[in-house]
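Subject: Structure handover

Hello,

Here is the structure we talked about. Please open it first and then read the notes below.

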Amino acid sequence: IDISLNLCAEAYIPQKYPDNRIVSSKYTFWNFIPKNLFEQFRRIANFYFLIIFLVQLIIDTPTSPVTSGLPLFFVIAVTAIKQGYEDWLRHKADNAMNQCPVHFIQHGKLVRKQSRNLRVGDVVMVNDGETFPCDLIFLSSSREDGTCYVTTASLDGESSHKTYYAVQETKGFQTEEEIDNLHATVECEQPQPDLYKFVGRIHVYQERNEPVVRSLGSENLLLRGASLKNTEKIFGVAIYTGMETKMALNYQSKSQKRSVVEKSMNVFLVVYLCILISKALINTILKYVWQSDPFRDEPWFNQKTESERQRNLFLKAFTDFLAFMVLFNYIIPVSMYVTVEMQKFLGSYFLTWDEDMFDEETGEGPLVNTSDLNEELGQVEYIFTDKTGTLTENNMEFIECCIEGNVYVPHVICNGQILPNSGGIDMIDSSPGVSGKEREELFFRALCLCHTVQVKDDVLVDGQKKSPDSSRSCIYISSSPDEVALVEGIQRLGFTYLRLKDNHMEILNRDNDIERYELLDTLSFDSVRRRMSVIVKSASGDIYLFCKGADSAIFPRVSEGKIDQVRSRVERNAVEGLRTLCVAYKKCTQEEYDEIHELLHSAKVALQEREKKLAEAYDQIETNLILLGATAVEDRLQKAGIKVWVLTGDKMETATTLFKLLKTSLRVLSKDEDLAFIFYVSCRLSNDLQDFGLIIDGAALSLIMKPRQTGSSGNYRELFLEICRNCSAVLCCRMAPLQKAQIVKLIKLSKEHPITLAIGDGANDVSMILEAHVGIGIIGKEGRQAARNSDYAIPKFKHLKKMILVHGHFYYIRISELVQYFFYKNVCFIFPQFLYQFFCGFSQQPLYDTAYLTLYNISFTSLPILMYSLMEQHVTSDMLKRDPSLYRDIAKNALLRWRVFLYWTFLGVFDALVFFFGAYLMLENTTVTINGQVFGNWTFGTLVFTVLVFTVTLKLALDTHYWTWINHFVIWGSLIFYIIFSLLWGGIIWPFLSYQRMYFVFIQMLSSGPAWLGIILLIIVSLLPDILKKVLCRQLWPTATERTQTKHQCLSVEQSTIFMLSQTSSSLSF
Amino acid sequence: MAWSATSPGANQPDNTAFTQQRLPAWQPLLSAGIVLPLFFCVGLAFIGLGLGLYYTSNGIKELEYDYTGDPGTGNCSVCAAAGERVAPPPANCTCQWCFSLSELFQGPVFLYYELSNFYQNNRRYVVSRDDAQLSGLASALRHPTNECAPYQRSPAGVPIAPCGAIANSLFNDSFKLLHQRLPGGAYVEVPLDRTGIAWWTDYHVKFHNPEPINGSLKLAFYGTAKPPNWPRPAYDLSPDPNNTGFVNQDFVVWMRTAALPTFRKLYARIRHGNYSAGLPRGAYCVNITYNYPVLAFDGHKRLIFSSISWMGGKNPFLGVAYLTFGSLCIVTGFVMLVVYIRHQDENGEDEDE
């Protein structure tokens, strides 16, 4: 078989096909180190630290390269190990995939080979349950009708079985020899990632005859990664292999989303970088001003070497500048990045562990696909949800049908007991006449035939033999749950769909006779048309077109039938929140059908614009229908007690009902005919605020979004945005998937740049999930595509509440404290060093010892903040869930605003001033020991450092509201560790050190009484402003959170009182 | 009891207090009710402590004399003028500072010298030493570290021991205290205890002389040069064999670099004989051997007699800081109390409405 990949027939591009190796790994053994390092140093922070490290290596700097090299090495190594391990796993998976055996045909014989040796054009045999090794054109199957069932669960998550069709001309080839004799050419489009799109053509050359041309569509293409079900074996020819398969093309990673916190963090980083540079600059300039006196630059006791004297002045100044940069570089801590990463990664486990979010039914808990956005969950301002799949859980039940205005309910109520399987029906309206009876049966037949439901073959699947008459209990499978609900409902009304065999649909009618209809054509469902049709030929030779779809899609195409009655019923049902579908039919003559068939065929064979041509053909065919009736399927509604925007594909009435459930009451505000705008206002009587709601449909929306030639293009869009922003809830209905994403984008890019969250469960929500700041998928029954593309996946919509109100809130307050605290503690750390330069002749003399410089961020102050950022709960989770208004306290990145950031920075500067000048005044020109001996510069630094470590740790202790034993352990443990380390570090002459400057410094310091008194005083003075601010703010301007905290404390007191009282009363009553 | 037959999912989360974020926790609240009493307590305690510190510090006596020798300020100006901008300075210029005590200078009395504008904390200066050499390591003795440059090797290329700028600039003024018990009587030398002025650990552990060869320290130092400013090599620093070489008290004291450009270093303690209780009243003279040039860098030299309490030397800072801060606490406490009470009223009214 020849394969040619053509964009179009005219431009043939000679193609080099890749082999069938899948490479999902990023690195090889050889390029791992350079490539990984390159990628890591592309991060601006890592690069910055690398530069600092190199500067330290090259020039003579005050601190040893170890101080910045060690942490950097640690960070890089940990990340590299993690990424290497992940890549090793990918390699393993790739190898397993590439080496798995494949059967294929060579010279009429079955050969086993490794999957990676497969080439385009090879004919492959796949057995039941096996996975397709590459993208195959389906040639023939062991089933006589040339179909096979496939599950694409590993590709798009749709667990249902899909039917694929073999090429008509080749479906007879059953043996290897026959297949080997096949001569054919396949033309197909260039590989593209869309799983559901494929356009191709096969030329089959038969002896003597003209070659036959067949169109190939996605129903002929078996995708790599999907697996064969319920079919013994199939033959297929490989057309896309290796990295060109649709699965491989879909591997592309999603675009990176960044959280608001991360953005603020980067802004703060830039601020600190500016501070750092200006500090270094100021010191460099002052140094040269100060040094202008020669006796300062080079006093007799501290002379320079000859080479130092001869160095160029500018070079010297530049080197000094770099040295100052190195000295102060700790103000941007490398450890912050590690801590933030760790906090996010470890913190995300609390989400997956949460018992409340675990779904017993499916046995699944929440999934975290990216932990980068944890804190974004606490910042959500807009929630976009898709009602169809999310507010309802897709547990559908057939409620009623309405035929010609008569209503049927598919069960009888007998002695108060519901008999679900009885074949009888309740007539609510008057009994139908003779023609009515005919119509009724036609309606049921229509519902029985017009669908894409498959019957699960019990005998084959379970291996259990069932008696033939138990056929009623057969299991239906479909990608759409309401189709199943309908077929099951019709079964209860007496018509059972049996199976599709040899292109004939078999149904069991009320009289237990089997009726066979030849399935001529299926006009499949799509979300634009919102309807589907089948064309069948009955045993008597009549050709029918049955059409089923949303009422808005059917009514305009209906020419006959009791439209008004049906419409009123449909609207009533819609208002009650039922999903409605209308059914219509048309009878064709053979000539008419031939015409239709020709139209369809030409559209299907088209290589270019096939979709468009098909849609046009469908549009032509589905006209002049006769309305039969309508059905109603119930969606089980879920509670949604939070503010949401609903973007749904449903019709407006259903949407309105939902709206009612969300808000208290709705009233029509105005109706603009032009734009089909409908405003609703909901008045909340409980408080004076009026909450506005807006309902708009897809058609109106596309009008709004459409750019206008007149130049007033922006007007509607802005008006719409303006209105939307003032509404507390907005409902968009009849939306196409792309429109959903458009809406999300519109809001995302509006002036205030609000944080959006999109939640959905279907494939049609993916675009919106990818577009929003946070995308949440529901691990629903409609497949896992949404869940796979989302940032977080939850089993049920109801879990969203806890996810946002509790987890999001926690994540946000934790990480914002983490970020602010990190900057604060490093200001405290470095600012004294800056001040010290004014007293040491701007000579870059470090205040602290190297060990302290290195370990400050790594071990003395790292664990408490990490634990805080994992454990902190300023308000209990129950409280957060109960009182959503607390969420407003943190809205708009409240804890990382400039005001807060400046407060923290100034607090840091204040503390640093206290540390430095406290120590300065204490040790200036005096001795503080009882034996009269004096301290040196290292004691001075150690004193400052001790105060620093204690203050910074205690500041965190002050901020901690939730003291578990872990917090106690790390906070007090860190302080004790600092003391023990200092005792050890100064207590021994370390043989590997070239200097012994810290020898006994710490112990000598502790032997001095005033040092103790000074340390205590300085710690308390540094902490006081913060305590004062906290208490005053709580007293004068309490936030909702603080009020709740206070109330909670009072409550716990009161509760115990009440408990005591009730005990007293109960003891009295007995 | 009918348990559900379906087994829970394999990925059912653990139901522990930790994973469910329900660990028992203490949830303290920084409310005014707690903080107010705290403020008053801390304030009172600090004021008490501050008073104690203040009076202790005030009880410490200090006697200070600037002997830099600025022109017209006593007889040290001659030496200063002679030694100006000469390094090394001419040896053995002496001057005198005389004072009289009308009452007992309560002991123990410590003698300090103070240098100002001397940047011992300059980075180039701080690193200019070799701790390995000073610890008596034989290999380091003849191979001083590069950080000692330009005091690493003599012009002839001989390694300097002890190397580095700190050692080279060793303070070499010396003082002799004379006491005239009776007016017109003879001056008696007051014994100065020059031991125990350096940290015990420095003197005994950190600093070591190189192993003497044949009992001679001089041989151990063979092949090294003296620091350029030193009048004699290290092994001749003092005639006392226990106080010479690297383990000389003055040297060890000097090697502990000061934190600030104005610093004091301990010179001697007065605690022997009749002077163990302090310096009795009478006239005193300090004979100063003026060697160390400071005018070159605009520095000053001072001589200080100071008594020592449990909190060390005279330093009013701690006492004043404690007093100020204690009072500040009390004042803020009162302010907060007012705010608290007024706010409480408002809250009460709010609740009534």
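Is A:Asn230 buried or exposed? Since residues under 20% relative accessible area count as buried, A:Asn230, at 15% relative accessibility, is buried. Please keep in mind throughout that this is a predicted model. A:Asn230 sits in the loop of chain A between β12 (227-229) and β13 (233-240). Its phi is positive, about 55 degrees, although A:Asn230 is not a glycine.

B:Gln21 is not a glycine either, and its phi is near 55 degrees, a positive value. B:Gln21 belongs to the segment before α1 (32-58) of chain B. With a relative accessible area of 10%, B:Gln21 is buried.

Chain A overall

Chain A contains 35 helices and 38 strands. It has 1070 residues, of which 56% count as buried. The accessible surface of chain A is about 46,400 Å², and 58% of that surface belongs to carbon and sulfur atoms. If we take the contacts in chain A between residues at least 6 apart in sequence, 71% of them join residues at least 24 apart.

A:Val570 is one residue to look at in detail. It is part of helix α17 (residues 563-575) of chain A, and it is buried, with a relative accessible area of 1%. Leaving aside neighbours within four places in sequence, A:Val570 is in contact with A:Asp551, A:Thr580, A:Cys582 and A:Ala630. Between A:Val570 and A:Asp551 there are 7.7 Å in space, C-alpha to C-alpha, and the two are 19 residues apart in sequence.

Helix pairs

Two packed helices are described by the angle between their axes and the distance between the axes. In chain A, helix α2 (residues 44-58) packs against helix α3 (residues 66-99) at an angle of about 145 degrees, and the axes are 9 Å apart. The contact involves several residues of each helix, including A:Phe49, A:Leu50 and A:Phe53 of α2(A) and A:Leu72, A:Val75 and A:Ile76 of α3(A). This crossing of α2(A) and α3(A) is left-handed.

Helix α31 (residues 937-959) and helix α34 (residues 1009-1036) of chain A pack at an angle of about 35 degrees, with 9 Å between their axes. Here α31(A) passes α34(A) in a right-handed crossing. Among the residues that meet are A:Leu943, A:Val947, A:Phe950 and A:Leu954 in α31(A), and A:Ile1015, A:Leu1018, A:Ile1019 and A:Leu1023 in α34(A).

Salt bridges

Side chains of opposite charge can pair when their charged atoms come close. Over all chains, the count comes to 36 salt bridges. Three of them are described here.

A:Glu306 pairs with A:Arg309, and their closest N and O atoms are 3.1 Å apart. The two residues are separated by about one helical turn, because they are three residues apart in helix α9 (residues 306-310) of chain A. A:Glu306 is partly exposed at 45% relative accessibility, and A:Arg309 is partly exposed at 37%.

A:Lys587 forms a salt bridge with A:Asp542, with 3.9 Å between the closest N and O atoms. This pair links distant parts of the chain, 45 residues apart: A:Lys587 is in strand β29 (residues 578-588) of chain A, and A:Asp542 is in the loop between β26 (531-537) and β27 (543-549). A:Lys587 counts as partly exposed, at 49% relative accessibility, and A:Asp542 also counts as partly exposed, at 26%.

In chain B, the side chains of B:Glu114 and B:Arg264 meet in a salt bridge of 2.9 Å, N to O. The pair joins strand β4 (residues 109-116), which holds B:Glu114, to strand β7 (residues 263-270), which holds B:Arg264, and the two residues are 150 apart. B:Glu114 is buried at 4% relative accessibility, and B:Arg264 is buried at 11%. Both belong to a network of salt bridges that links B:Glu62, B:Glu64, B:Glu114, B:Arg264 and B:Arg302.

Surface patch and cis bonds

On the surface, A:Trp972, A:Ile976, A:Ile980, A:Leu984 and A:Ile988 form a nonpolar patch with about 450 Å² of accessible area together. A:Ile988 lies in the loop between α32 (965-987) and α33 (1001-1006) of chain A, and at 37% relative accessibility it is partly exposed.

Chain B has a cis peptide bond from B:Ala149 to B:Pro150, with omega near 5 degrees. Another cis bond runs from B:Ala161 to B:Pro162, with omega near -10 degrees. B:Pro150 is in the loop between α5 (138-142) and α6 (165-168) of chain B, and B:Pro162 lies in the loop between α5 and α6 as well.

Regards

Key. Residues are numbered from 1 along each chain as its sequence is written. Chains are lettered from A and ligands numbered from 1 in the order in which they are written. This is a predicted model: local features need pLDDT of at least 70, side-chain atom pairs count only at pLDDT 80 or more; totals for chains, interfaces and linings use all residues. Side-chain values use heavy atoms; hydrogens and water are left out. Patches are made of residues with over 30% relative accessible area and no salt bridge: like charges are joined within 9 Å, nonpolar side chains (Val, Leu, Ile, Met, Phe, Trp, Tyr) within 5 Å. Accessible areas come from the Shrake-Rupley method with a 1.4 Å probe; for residues, only the protein chains shown count as cover. A salt bridge is a side-chain nitrogen of Lys or Arg within 4 Å of a carboxyl oxygen of Asp or Glu. Helices (H or I, at least four residues) and strands (E, at least two) are DSSP runs, numbered from the N terminus. Buried means under 20% relative accessible area, exposed over 50%, partly exposed in between (1.4 Å probe, protein chains only). Axes are lines fitted to C-alpha atoms, for helices over the stretch in contact, and angles run from 0 to 180 degrees between N-to-C directions. A crossing is left-handed if the near helix is turned anticlockwise from the far one by less than a right angle, and right-handed if clockwise. Contact means heavy atoms within 4.5 Å.
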